[in-house]
Each structure stands twice: as structure tokens, then as C-alpha cells.
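The following explanation leads the reader through one protein model and its two ligands. Please keep the sequence and the three-dimensional view at hand while reading.

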Amino acid sequence: MVSLSLLSLSATFSRSRLHFIPRLSLPSSLSSVRRTTRRNGPPARLSSSWPPPSCPPLDSHSFGSSTSRNSSSSVPCGGAAVADGDDLVVLGIETSCDDTAAAVVRGDGQILSQVVSSQADLLVLYGGVAPKVAEAAHAEAIDQVVEEALSKANLTARDLSAVAVTIGPGLSLCLRVGVRKARNIAGLFCKPIVGVHHMEAHALVARIVQQDLQFPFLALLISGGHNLLILARSLGQYVQLGTTIDDAIGEAYDKTAKWLGLDLRTSGGPAIEKLALEGDAESVKFSTPMKQHKDCNFSYAGLKTQVRLAIESRNINAQIPISSATTQDRSDRADIAASFQRVAVLHLEERCERAIVWAMEMEPSLKYLVVSGGVASNKYVRSRLDQVVKRKSLELVCPPPSLCTDNGVMIAWTGIEHFRMGRFDPPPPADEPEDAMPKKDDICWFVPQYDLRPRWPLGEEHVKGRSEARSLRTARLHPSLTSIIQESLQKQS
Ligand code: KG4
Ligand code: ZN
């Protein structure tokens, strides 16, 4: 583990990119459009004040991030914000992987602030995400990132309606840092807390940018750790049409970039995208994964191996950075980058075509394909998938790159969506002891006081999408978000 001196605050921030994204205005009709389109579950319960008249009963699979139940009545809540519908103001905190992010978003979708501190230099140093290093970097950055998000929004924590935080899936050591911060603020300022599913947030952020994006919609979520095709039927109700049986596409981009000796400071994906523009995408004959499987699942491990072999056969030396490569060497690397990207994306295209057919069988009114997650920032990915949806007479919704890669806005927004439905936990006690958190070496899964969900499926698998290879790996999975919500709805009715 790196020493903390290496990660001193000033060093962290001099090498980090801290973004502030200006306010994004939305037509005020947005939230009312959404409210009228909810199809399943109880009508939206807009929290008009905290504490709300009646908290939804919390069962053992509480939606949110905490299982402390006794705090709502025991904590004096004098300073809490009173908010109604669009006036909700939620702080979102994200630390599930390698970016420390926070943002403040209003109930009408206005982004009041967005701050991201990336660990790009650490990724270069360690050749990927090292959980303990990432945890230390989050711990160094979190206070300043949150403080900056609040100050750019011209708010204090007292003004918030709620705090939303990613509780899974992700690296438990990293999730813990964000959850501890969120609970600390929520406890001190007596704010309700919403535990957010990271992949749901990647999908729902599209509803901030596309005002008429209503349920149901299909979502392709492509990032470093996930490759999901999801039918979103209503808030919290997701059918998983496909997932990866091994690696995600972002992982394949990152490894290809590393093996090609590219500059990884902006992460592997953008480096491959740029180099691919110089190459011939037909020059290296990679085969498309899973051609024989007529389902919507993905596999990128085999393509990674094909790329590695192609690199070895051309004697490309990753130790020689691309900036120092000869003209021929650079051209070989560009050909591999372009050929890899063509096939990696072709795999997405084929799976999306099939997923649209499956989704239309379940939801004939389907109009949109949402593509989100870090890899959705890629222009080639967007343009190829745009052609797929046009052939199927659908519309593509792709958030801007700053909302595709990990960010606090998507967490705040997802928090708002669930908060409106009454899905949140009461404020934790102001004096919650730190040891309510799992100890460093605990497996968070088994610690009852604190609910982190490192392996947390979003929805239930579609019957046609089951894969034997994957079902072997389901041990220690948390029940899916959709099953938790369904169970709690059944208890309420
Ligand atoms: O969603 P994200 O920010 O974090 C995770 O949840 O994993 O996604 C990160 C992934 C990385 O693998 C990164 O290389 C990839 O998204 N990525 C891209 C691009 N920008 C980010 N991949 C391809 N092209 C891009 N322009
Ligand atoms: Zn992500």
C-alpha cells in the first residue's frame, strides 16, 4: 500500500482533475411528465418535509444504506430543509471504484454542481485499480470533493433534502469511504439517506438529459466492470436481458491500451478511441465473440486474448511508449486498436439488435435505447449504436461524456427518483461510532450494522438470458435491487 505521505492532500489535488460542470437547465415540465408516467408501484410520495409523516417500513433488505432504525425519532431535526417535488436538493456521493465524485442536483434535474477527483495517475503507477490504494486516495479526497460540491452549489449541508450515496456494486473498501462520509453528513445535519445502485444510476441519469425519456426503456450499460442489457420497466423494476460472462468491454479497452503502450492518464478507452482513428479497422481479423450463442450475453476475455496474440506476433513492445514508436510500429498499433474497436463494438451491436427484439416482445411501446457508462463516451460506439436503433425505429439516448463516466450527478439524481417514491432511510445518529463501519479486513457482506453491496445485481435475469457459465459465479450475490423493491411493495400492499 502506498504511504499516506505519497497521497498527501496537495499531491492528490495537483494531479487530480476537478471538474465543475455549469448548471444544466431543464424545462420545468420534466418532473411532472415523469410523475404521470409511473406505471408500477405506489404513486409518488413527495416528501414535503423531514421527518416525513410516516417512513416506509424498513425490512431486512432495506432499500437504503443503513440498518439503524431508531434514529429518526431520537435525533433533533430542527435544521432540515423543507422541500417539495422539484425543490428537493440532493447531494450525491460516488466512490465505488477509482473516481471520488460528488454533485448537488435539484428535483427538477438542474445540476447545481459536479466535482470529480480522478485517480488516473495512480492507475498508471499501479497498472489498474488497486483496492487499498484506491481506498486511501478516496479517503484523502472525499472531504474536499464534497465541500467543493456544496460550495459550488452555494449551499451548506443544512440546505439539503437528502444525501444519496453509492452502496454497490463496487469495491467494498472504496464504497465504505463514500458511505462513511454520507452517513457522517446525514447524521450531523439530520438528513435522510438514500443508498444507490451504481448501475441503476448510470441508466437513470439519462432521464436528466432527455426530458421525454419515460419507462419502459432499454439500457445498454457499458463500463470498466459491467456490460449489461437491461429492460427498465419502471423505477426499480429491471429485467436483465444480458450481462458479461467474463470481462466487460471497458476492461478490454483498458488492457488493449496498456499492451499497446498507450498513455493511460486519460484511461485506456479514450486512448484507443484516438489511436483507432489512424488505423485500418479491417486489417487484423479478430473474430466476433459468442457468435454461436443466440442470446444477449457478452464475452470479452477471448477478444482480449486475440489482441494479445496479435500484439506479440508483431513484436510490439509496450515498454516503448507510442510517442517513441517508429512510423511502422505506430501504424501496426493503430491497426490493432482500430480492428479491436470494430469487433468489440460489433459485439455490442449484435447483442443490442437481439435485445431490442426481446424487449419489444415484453414492452411493445418501447421507444428508446439508453447507452451509458464510461464506454458510452466513445463516438464510434455512439454512432454504430445509433445506426442499430434507427434500423429498429427506436431513438438513442446517450448522456454527455461527463455524465457517462462515473459521477456524482447520477447518484444524486437516482437518489431523488427513489426519495420521491419514499424509498430512503432515516438519518443515522449524529454520534454514530466509526466502528458501525466494518473493520478493514472484514468482509462487508457479513457485517450486519452496515450495508454495503459489492456484488449486487440490478434486475432479475430474463429467462432467455440465463447462462450456465455465469450461474456458477452467483455465490455471495446480494438479492437484486428489483427483488428487494418487489418484496417491500408486496409487504406494503
Ligand atoms: O463507468 P465508468 O467511468 O467506471 C466504471 O463504472 O467502471 O467506466 C470506466 C470505463 C473504463 O474502462 C474506460 O476506459 C472506459 O470506461 N472509457 C472509454 C471511453 N471513456 C471511458 N472506453 C472507450 N472509449 C472512451 N472514450
Ligand atoms: Zn460506473
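Which polar backbone atom lies 2.8 Å from an oxygen atom of ligand 1? The atom belongs to Gly224. The model is predicted, so local features need pLDDT of at least 70 and side-chain atom pairs count only at pLDDT 80 or more, while totals for chains, interfaces and linings use all residues. Residues are numbered from 1 along each chain as its sequence is written, chains are lettered from A and ligands numbered from 1 in the order in which they are written, and side-chain values use heavy atoms, with hydrogens and water left out.

The protein chain contains 17 helices and 11 strands; these are DSSP runs numbered from the N terminus, helices (H or I) having at least four residues and strands (E) at least two. Of its 493 residues, 57% are buried, where buried means under 20% relative accessible area, exposed over 50% and partly exposed in between, with a 1.4 Å probe and protein chains only. Contact is defined as heavy atoms within 4.5 Å. Among contacts between residues at least 6 apart in sequence, 77% join residues at least 24 apart. The accessible surface of the chain comes to about 19,300 Å², and 53% of this belongs to carbon and sulfur atoms. Such areas come from the Shrake-Rupley method with a 1.4 Å probe, and for residues only the protein chains shown count as cover.

Attention may now return to ligand 1. It is surrounded by 21 residues, the closest being Gly224, Asp254, Gly269, Glu273 and Asp406; a residue is near a molecule or strand if one of its heavy atoms lies within 4 Å of it. Taken alone, ligand 1 exposes 550 Å², of which the protein buries 90%. The elements giving two or more residues to the shell are H7, helix H9 (249–259) and helix H10 (268–276), and H10 gives the most, with 4 residues. By class, the shell has 4 nonpolar, 14 polar and 3 charged residues. In this scheme Ala, Val, Leu, Ile, Met, Phe, Trp, Tyr, Cys and Pro count as nonpolar, Asp, Glu, Lys and Arg as charged, and the others, Gly among them, as polar.

Ligand 2 is a zinc ion, and its protein donors are His198 (NE2), His202 (NE2) and Asp406 (OD), lying 2.1 Å from it. Donors are N, O and S atoms within 2.8 Å of the metal (3.2 Å for Na, K and Ca); water is not among the atoms, so sites may look incomplete. Along the chain the donors follow the spacing H-x3-H-x203-D. His198 lies in helix H7 (residues 198–204) and Asp406 in the loop between helix H14 (401–404) and helix H15 (408–420), so the pair ties together parts that are 208 residues apart in sequence.

His198 is buried, with a relative accessible area of 5%. Its side chain makes a polar contact of 2.9 Å with that of Glu94 and one of 3.1 Å with that of Asp406. A polar contact is a pair of N or O atoms within 3.5 Å; within protein, one must be able to donate a hydrogen and the other to accept it, and residues adjacent in sequence count only if both atoms are side-chain atoms. His202 is also placed in helix H7 and is buried, at 0% relative accessibility. A polar atom of the His202 side chain lies 3.3 Å from the backbone oxygen of Cys404.

Some backbone details complete the picture. The peptide bond from Gly168 to Pro169 is cis, with omega near -15°, and Pro169 lies in the loop between strand E4 (162–168) and helix H6 (172–189). Beyond its neighbours within four places in sequence, His198 has contacts that include Gly168 and Pro169. Another cis peptide bond joins Phe215 and Pro216, with omega about 0°. Asn154, a residue other than glycine, has a positive phi near 60° and is exposed, with a relative accessible area of 66%. Asn315 likewise has a positive phi, near 55°, and counts as exposed at 70% relative accessibility.
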